[in-house]
Every structure is written in C-alpha cells, then in structure tokens.
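Please read them with the model open.

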Amino acid sequence: MHCTRTVLNNLLPLAPLIPHAIGPEKFATWLLRSRSPVCCTNVFARTQLYSSSVSAEPFLNGTSSRYVEEMYNSWLKDPNSVHVSWATFFRNSSAGAPPGRAYQSPPSHLILPRNQTSAASLVPRKDGLSSPSLGEQNNEKLIDDHLSVQAIIRSYQIRGHHIAKLDPLGISSVDLDEKHPPELLYNHYSFDEADMDRKFKLPSTTFIGGKEKTMTLREILHRLETAYCRHIGAEFMFINSLEQCDWIRYKLETPGIMEMTNDEKRLILARLTRATGFEAFLARKWSSEKRFGLEGCEILIPAMKQVIDKSTELGVESVVMGMPHRGRLNVLANVCRKPLEQIFTQFAALEAADDGSGDVKYHLGTYIERLNRVTNKNIRLAVVANPSHLEAVDPVVQGKTRAEQFYRGDGEGKKVMSIILHGDAAFSGQGVVYETFHLSDLPDYTTHGTIHIVVNNQVGFTTDPRHSRSSPYCTDVARVVNAPIFHVNSDEPEAVMHVCKIAAEWRATFHKDVVIDIVCYRRNGHNEIDEPMFTQPLMYSKIRNTKPVLDKYAEKLVEEFVVSAEEVKDVRDKYESICEQSYQNARKETHIKYKDWLDSPWSGFFEGKDPLKVSPTGVIEDTLVHIGKRFSSPPPNAAGFVIHKGLERILKSRLEMVESRTVDWALAEAMAFGSLLKEGVHVRLSGQDVERGTFSHRHHVLHHQKVDKATYRPLCHLYPDQGPYIVCNSSLSEFGVLGFELGYSMTNPNALVCWEAQFGDFNNTAQCIIDQFISSGQAKWVRQSGLVMLQPHGLEGMGPEHSSARLERFLQMSADDPDYFPPESEEFAIRQLHDINWIVANCSTPANYFHILRRQIALPFRKPLILMTPKSLLRHPEARSSFDEMLEKTEFQRLIPENGIASKNPDSIKKVLFCSGKVYYDLIKARREGQLEGSIAIARVEQISPFPYDLVKRECTKYPNATLYWAQEEHKNQGSWTYVNPRFNTALNSTRDVSYIGRPTAASPATGSKMQHLPALTNVLEAINLPENTMKLGEAKDNAGNDMLKMMQYVFPIVTQIQMEVIKKYGFSEGREGIVRFAQLIRTMEKDDAEVAHLHAQVRAHFLPPVAISTEDAS
Ligand SMILES: Cc1ncc(C[n+]2csc(CCOP(=O)(O)OP(=O)(O)O)c2C)c(N)n1
Ligand SMILES: [Mg+2]
C-alpha cells in the first residue's frame, strides 16, 4: 500500500487543472448548460490546459485514484492482469519516469489477454462504426474518458442521494450538509461540451440503458439524474453484495420503471384522500384534543398500504406493526381499517367496560383480519400497543413476529413480516434501534427482514436535527446491517409508491431489513395544541405556504386527465360522510372496551377454562427418571461425538443424582422444561450465554470437541412428539433481547418463554421494557404474558455489579395492596395471582424452582414471573431436592415453613426468622454452628409477591412466644424488607412486631471486596445469636478448640489499638463469631497494601502462632 501511495503521490501534480471560475456545480447540470456561449469560454480554457505538459496524464485525478490503486495492486501481483497500457505506465512510473512520461501507448496490434478489452474499442465512432486504432493522444483521452464515464456512473450511484430533491419544503438539507459532493461536480472530470454527444459503451454496473448498450454522455447524465437525483435518494452502495447492489440499481435505473398506470394513480389519490380526510375530520370534531396527527406526512397511509399490497401479493399473510404516536390513529383507521366507531369513542371520555387502567388513544394496539381488496387475499394486521417510550416497541414487534413465524412453520419469513415505523429524532437517538437491528440476522432472532418506515418530519418536538444527531441522515444506524435506505420526498406520491414497492420486493427477495425514509414536514406543532412558531419560525412560515400533498397530487392528476376535478371532490365527500356516519354511531356508545384494542388475542385459550383452577405441577417418577437420564447422556448412537472431559464428569454426576433420586438446580430446571416439552408445550430460553449457563451449570448444548459446530441438545431429544425446545445465546443486549422475548411470549400462551440475565444487575438496562411493558402491560392494554425473567441474585462478594437483581424494585412495582389481607379460602393463592400484575419469587430449593416454572403453564391465565435465581446454590451440597418433592400431589410452596426440630416444640421457640432465597443456607449454617436448632425456627418466603399473608400468619401463630424477624442479606433499603414489613403487619393485624436483621442501608448494592463482604455477612448471622445467645468470652472456643479468651488476651492490645481503624470499619463485634471471622480475615488479607501489611504483621506475631483457625468459610 505504501508503494501504491508513492506512485499515486508522484502522479498527483498531473491531475488536470480545474477552471474554478465556474464555481461548484453539479457535473451533469454544468455539462448540459455548457452548450451556452458563456460556458464555451471555460471549455476553451480547459482545452488549452490539456495541451500543457502537466496534464499529460489527466486520467490520474482524485476520482480514478481508487481505480488506479486497484490496478496498481493487481499489477504488482501479476503484470499481465492489467491492460498493457497500464502495465507500461506502472513500469515506467516505478522506474522513476518524470511526470507526463510514464504513459506510453501500446502497439495497436497487441493481442489482449482474456477478458481484456481495448479501451479504444469501447468508444464507438460518431458514425456508429467501431473505432479503429487511434493515435497516441487519442488513446490517452480514450482511457481517461472511459474511466470518467465509469466514475460518473458510480458516483451517482453512491452519492446521488446527497443532491436529490428530498425535502418537500425545500429549505433544509436532509443529510445536514449543504455541499455538493465533488464527484458530482462538473470540474471533477475531463469532459467538455464536445464530448456530450459522443457515444459510450455502458459498463455492466448500470441499467440506465435498458436494452441500449451505448449512449451519449448527455443521455447518460440525464438518466443518472433521473434515477438518483430527483425525488428518491438511494443509499445502497455500501452493501457487501454485488448481487444486491445490482438488484437495486436495476430497480432504480431501468428506464420507465417508475411509470404508473392511471388506475394506480387513482388508487394513490383515493388513499391520500382518506388519510387527509381522517385528520381533518378529527380536527373539526375535537379541535383541542391531542391526536399527534399525520398532517404533512399523509402519504404514509398510501405508502404502508403499498408495502402491504405488494407483500401480500408476494405471499405474506400476516403483518405485525409497531409505531409511535405520530399518525397512529390514521394508521389504525386507514391501514388496518379498524372500525371508526371504536376510534371515535376513544375521544368521548367514556367509562371502560372491562378491567384495567387503559392508555391514551394514540398508544393502543389492534388486531384485524380482513380481505386485502387489491390482492383479494386474506390478511392479518396487528399494531402492537406501545408506551410513550419511543422505539421501545421495536424489539417487541420483532419477538412477536418471530413467534408467529415459528408457530406457522414459516422458517423463511415468507408468510409473516414486520413493519416498524419511526420518527426521525427517535430513530437516530434511541439505542434500542441499534439493538433491534442487531437481532435482524441472528439465527434465533431474525424475522427475515423488516421494513422500517421513518416519518422524517425533520424535527423532534422542538429540536432541530442539527441538535439531535451527529450522523448525516437520521437513518444512518441502519447501515450497520447493510440495509438499503431509500430517502423519498413525501410530496411526490409516485416516487414514494415506487420505493415502497422496491422495499417490499427487496424483503421478499433477500429477507433482509430495508429502510424507507419519508422526508416530510409536520404541519402543526408537536401536537395539535402546541405552538411551533416559538422555535421553528422559518420552517413554519414555509409550511403555512405549502399546499397539502393531496391538493398537489389531485391537481397533477387533473392536469394529466387521469381524474376530473368533480371526481376528486366526490371521493372527498364520500369519505367525509363515512366519518360522519361513524361519528353518529359512536355517540350512541356508552362504554369503551379495552379488549377491542388487544394486539395479540389468544382465541380459545380462556374459553371454557375455570379461571381459579391450576393444573397440577407434580409429575410421575418415570418422567423425572427419563428426562434425567437423557439430560445426563451424550448423543445416543453417536459414539464418535467427543465430549469435553469436564462435561463428562458433570454428566456422570447428573446421572448419579438421578440414580439417588435427587436434583440440583440445573437438573430441576431441565426436568421442568423437559416435562413441559413432554406435554407439547414450546419452551424457549434466551439470554447471554444461556446455552452453557453463565455459571457453567446448565450445559444445554454439548459441543463436539473435534468437529466445529457439531452440537447436541439433549432436551430436544426427549420424546418423539415433544414440544419444540429452543435455547439460544443472545446478542449482548438486555433492552433488545428482553423486549424480543416479551413479544415472543405474547403470541401464544402455550409456551414457556424465559429470558435469563447474565447477572440480575444487568436487567436495569432493560428497565424500560420492565416498567412499560412487563409490569404494566396487562393493566394498560389487557394483554397478558407468561414471560419468565431469570435473574441471578445474591451477595457473594463479587462486587457491586454482580450481586443484586434489585429485588426491591420489582417488589415496589408489584400491585398488591400492603394493607389488604384477602379473604382466606381454598382459592386464596390463585385469586391473588389472578389479581396481581406479576409474580416475584426467590426460591430456595430446586424442587420449588421446578414447580414454579411448571406453574406458569398450569395457570389458567398468564402472569410474568420475576425470579431471583441463585449463583452459589447452583453447586451448594444442601441445595438439593428429592424426587419426592416433585412427584404428583406436590406443588409449588409459596412459603416453606420450619420443619426441623424447632417445629416440634413451637411453644419454646424464642425466635422465628423469616427469609427468602439463598440466605437461608447461611442462616441454617449459623444456627447449626451455634447449636440453636432447638430454639430458632426459620421459614422461607418463596413467593414474595403476591405476599403469602395466609401462610405467614399461620407460621407466626404456630410460635406464639417467639420474637419475629425478617432476615436478609441485602442492605436494609434493598431486598424484600420494605415490601414485607407492612405486609407482616397486615398479616398479623399489627398484633406482633417484626424486626429487621441484615446489613445497614447502603447506596451500592454490595461491597467491592470480599474482605468487606464476609464480615458484613457475619454481622447478619451474628444477629441470630444476640441478645440472648451471646456466648461468654470465657466459654468460647475457636474451630481448633483454642480458648478464645486466651486468644483475646494475646490479641487484645492490638485489637484495642486497631479497633478504631479496622474492626469498626468492617463492623466486627467481639462475639465468638466475630473473632473467628476477624482471624480469618487477617489470614486472607492482601499483603501488598501497606496498612494491611503492617496490621497483618502485628496480628500474625501475636495471634496466629498459637491457633489454627479454619479458613474454609473465608474461601
Ligand atoms: C424515550 C423517549 N424520550 C422522550 C420522549 C418525549 N417525546 C415524545 S415525542 C418526542 C419527539 C419525537 O420526535 P420524532 O422521533 O422526530 O417524532 P415526531 O414527533 O417528530 O413524529 C419526544 C422527545 C419519548 N416519548 N420517549
Ligand atoms: Mg420528527
């Protein structure tokens, strides 16, 4: 490359001098104008320049330098690979030939290598005969001109969009750049007026000629302008596929390709009339209501209809759409054909006939099945309900689309497709757009191409594009996935229809994303009651003087004699009377029905079901054994499948567990999935690294150690007629992927759809999906979802960011009333679940995990499940369950009561500790170590929300003499405490108090170091002992049996000395446990910290020699 540059640099002074007097101007335009006498002077000047010595090699200008570079590289590899004239040139140039001397014309009788055409032969003579050998000068110009024609064509294909007339207002630059790209300027090339009528052979990279192979330069430029610089600006030359580039070039360049029949034009007019009439009608009837109207982009409606018509014609049967506020009602009315009555009742402030809190009208979804009149085919149209949060619906739409494709067996996306609409500011501003694009080509997430339509009104609320994005176009984000982008002027309806047609065909052909950027304007303020002149005065002065597109287009068609003025009026009047009739009907309505706005109806799912009956979740032992064995085995009949040694051990220990009728966490999960698959339920598990499991515990995909990409998924091979199992590692996105899985879960209730966070902490980057969709979706949109969020949670000294799934946030968003104890009955649990917005749980046993997963499907309705899942418990020897806890007649335990020694003699129990999740194992260990099993009862609240009031009350009642505690490992302002505290009071009718045991409040979820983590945990555990069970120092022995008092005597002077600095800092107490922990800590301290090293030396000298304290706990 260095060499290439050197050669090129040598040659740069040789580039032709430019007649600057003409000023920057489009090349084509200039050439066309250059016939005038004024331009002749300049042409003359150029001609003179050609004869000067410095321009002896004029083909070496900036535009062709890349071409030259490629040729040079190619020549370096093989001198015969380039034309002999180039070979001579490079040879001479490399040998140091002075400027102007490097090029020598080849002998005319030269036999050319295969596939190589003489440049001279490309240029037909003016008389139409092929050109004979030209003289040396002519040859030079020939090459130059040939390169120039190629370069011009390519420049228009690449950069023509920059000067296309895209803005209907004609005031701003859609790509934020006023400049004309130099390669589209006349002075970039070496032609003059005399060349304009010369004919050139067209290269294979263009279709502008149609059937013609040669064309005059004038016509070439004209056709390029028509294809690339009128009202469509196409960006596609970055796509890494010649086939795809050619496909687009063909669709844009072929002469006459944009022509439309009169019928097609009339259809556009009719659709525009409806789009315009709808907004006008709403504006008249409800002038002060916000509706985020489409005025200024009414063409969106015919555009969407065109996409749908074409796609239906190409085989699509179902379209899932997502869109923001702008024009939403119009889309529902005129694209989906939602009954106008239902839309109009939304303006009437009526009471709702069904449950839920509802949403503003421009957020609601819909689902319609209807006949497409153009294609005469049935089509389903769904618009997914969405919150205010712009673009958040994008991944949800994709997940829903993917699921529909899955259930229809539409593996290539031929029958189901998605269309997503965007605003210009949101499209470039919101990161989830990027996250969604990155799902577009992943095997388990692709929807096989989405059509994105941007309503680019060149403003976002009050902010100009120049202040809202750094990229030239608002659509640049789509370039990352090689999606072609078509910018189009909204006031040119036929151009818009043309790109819509191309987009639909592109998707059907390549099954990849495509973007239509409708460059339009916003006739009103951000909404109808907003004043735009405050902030965009010039733009809005222009808008005031801009005719609506309907008027412009109608005038055009009248002029073309396609329609008469009377017909235009007639169509308008007709639509007006349709609206009026629906308005009158709507006025008779007394209620609105949220169900009318459901985007994903589950027909047949609820019918005939007892809403208070849960199917059993226990299974027969044979099922457990069968699944367990399959899950523990390499592929059957595949002896050659080489498994990693470590995995062999894991499989072996799994099998041993099955044989001993026990399960650990991973096995329980596999059994839950497997048993649902057996019942024909589809199971999908998605998230970062879920196939193996972040903690290397799951291993749902076994990898052949010798054959690349050869894998085996045991859970896909359990039963011949089982439900499909999908486990898929996702892109590194939470917002996008969680949204996707939510959408997936909405499509069919007979699927267990699980998303697993890498660590629970990371769910916060998906907070929008959690807040706007998962916790509130049913209330706002009567839409249910049984999505499971698996979230590794627990403070294990791994630092602040791998510790807490922020249980407290989920609990705070739970909608159960802390002051209401529902009536106790057989149906207590199911009624609670029925009424809650989601379930929040933190299971402590594999069996309970098994049951709660299965219960998701056993419920007669669907609720999201937010599950804190363990990390250390995945391998904890005590975190095991027996098959007995999973068999028929067993079920999910909302609360696991104390069932050890303490439960046998409840009256003598002094303390009852309630807890949830992993801390249970720390508590029982401390209780065991303190030999307190007979005096402390420990109960586990497994389902935290909805709160098991009945079971908590029962457990407390059982221990009338005990003090009640809530123990948690999370800090006091985190975890469950603030949620459970008032609910305990309600459960106990405020007759008994519940005290808190745990860490103090903190800003960060967990400490950054193990050194601080362990003592803090110790504090939690110590609280069990205090106050009644504090050991006397004199009685205490450490693990090695050393007398603690003696130890204290050794250590005390130092302890006193360092107490302020360290002990207090790390929260040690002087109890036995505290001393032991302190000693352990000292042993594990980093010695390279000066303060610690000093401390270490002192303590070691006085304290450690006589005692041997187990460090087991500190590991
Ligand atoms: C995530 C998010 N941030 C901010 C807003 C507030 N907001 C509503 S509309 C809007 C402007 C959107 O501009 P654009 O995407 O160009 O759409 P337009 O309204 O112009 O159609 C803003 C900032 C929002 N709804 N969502
Ligand atoms: Mg906008």
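1. Ligand 1 and helix H15. This is a predicted model. H15 gives the largest share of the shell around ligand 1, with three residues. The shell holds 15 residues in total, and those that come nearest are Arg-326, Ser-388, Asp-424, Ala-426 and Asn-457.

2. Polar contacts of ligand 1. The side chain of Asp-424 places an N or O atom 2.5 Å from an oxygen atom of ligand 1. For the side chain of Arg-326, the corresponding distance to a ligand oxygen is 2.9 Å. Backbone takes part too: a polar backbone atom of Ala-425 lies 2.9 Å from an oxygen atom of ligand 1. Taken alone, ligand 1 exposes 570 Å², and the protein buries 75% of that.

3. The magnesium site. Which residues coordinate the magnesium ion (ligand 2)? They are Asp-424 through OD, Asn-457 through OD1 and Val-459 through its O atom, at 2.0 Å. Along the chain, the donors follow the spacing D-x32-N-x1-V. Asp-424 belongs to helix H15 (residues 424-429), while Asn-457 sits in the loop between strand S9 (450-456) and helix H17 (465-468). The two are 33 residues apart, so this pair links distant parts of the chain.

4. Burial at the site. Are Asp-424 and Asn-457 buried or exposed? The cut-off for buried is under 20% relative accessible area. Asp-424 is at 4% relative accessibility and therefore counts as buried. Asn-457 counts as buried as well, because its relative accessibility is 5%.

5. The nonpolar cores. The largest core has 184 residues. Leu-300, Phe-344, Ile-516, Ile-518, Ile-774, Phe-914 and Phe-984 touch the most other members. Helix H18 (residues 493-510) contributes the most to this core, with ten residues. A second, separate core has 52 residues, among them Val-619, Ile-627, Leu-790 and Met-886. In soluble globular proteins, nonpolar side chains tend to be buried together.

6. Leu-300 up close. Setting aside neighbours within four places in sequence, Leu-300 is in contact with Leu-294, Val-331, Leu-421, Ile-453, Val-455 and Ile-518.

7. The chain overall. The protein chain has 1115 residues, of which 58% count as buried. Its secondary structure comes to 37 helices and 28 strands. Among contacts with a separation of 6 or more, 80% are between residues 24 or more positions apart. The chain exposes about 45,800 Å², with carbon and sulfur atoms supplying 52% of it.

Definitions and conventions:
Residues numbered from 1 in each chain as written. Chains lettered and ligands numbered in written order. Predicted model: local features only at pLDDT ≥ 70, side-chain atom pairs only at ≥ 80, totals over all residues. Heavy atoms only, no water. Core = buried A, V, L, I, M, F, W, Y, C linked by side-chain atoms within 4.5 Å. Buried < 20%, exposed > 50% of the residue type's maximum accessible area, 1.4 Å probe, protein only. Helix = DSSP H or I, 4+ residues; strand = E, 2+ residues; numbered from the N terminus. Contact = heavy atoms within 4.5 Å. Donors = N, O, S within 2.8 Å, 3.2 Å for Na, K, Ca; no water. Near = heavy atom within 4 Å. Polar contact = N/O pair within 3.5 Å; in protein donor to acceptor, adjacent residues only side chain to side chain. Areas by Shrake-Rupley, 256 points an atom, 1.4 Å probe, with all protein chains shown as cover.
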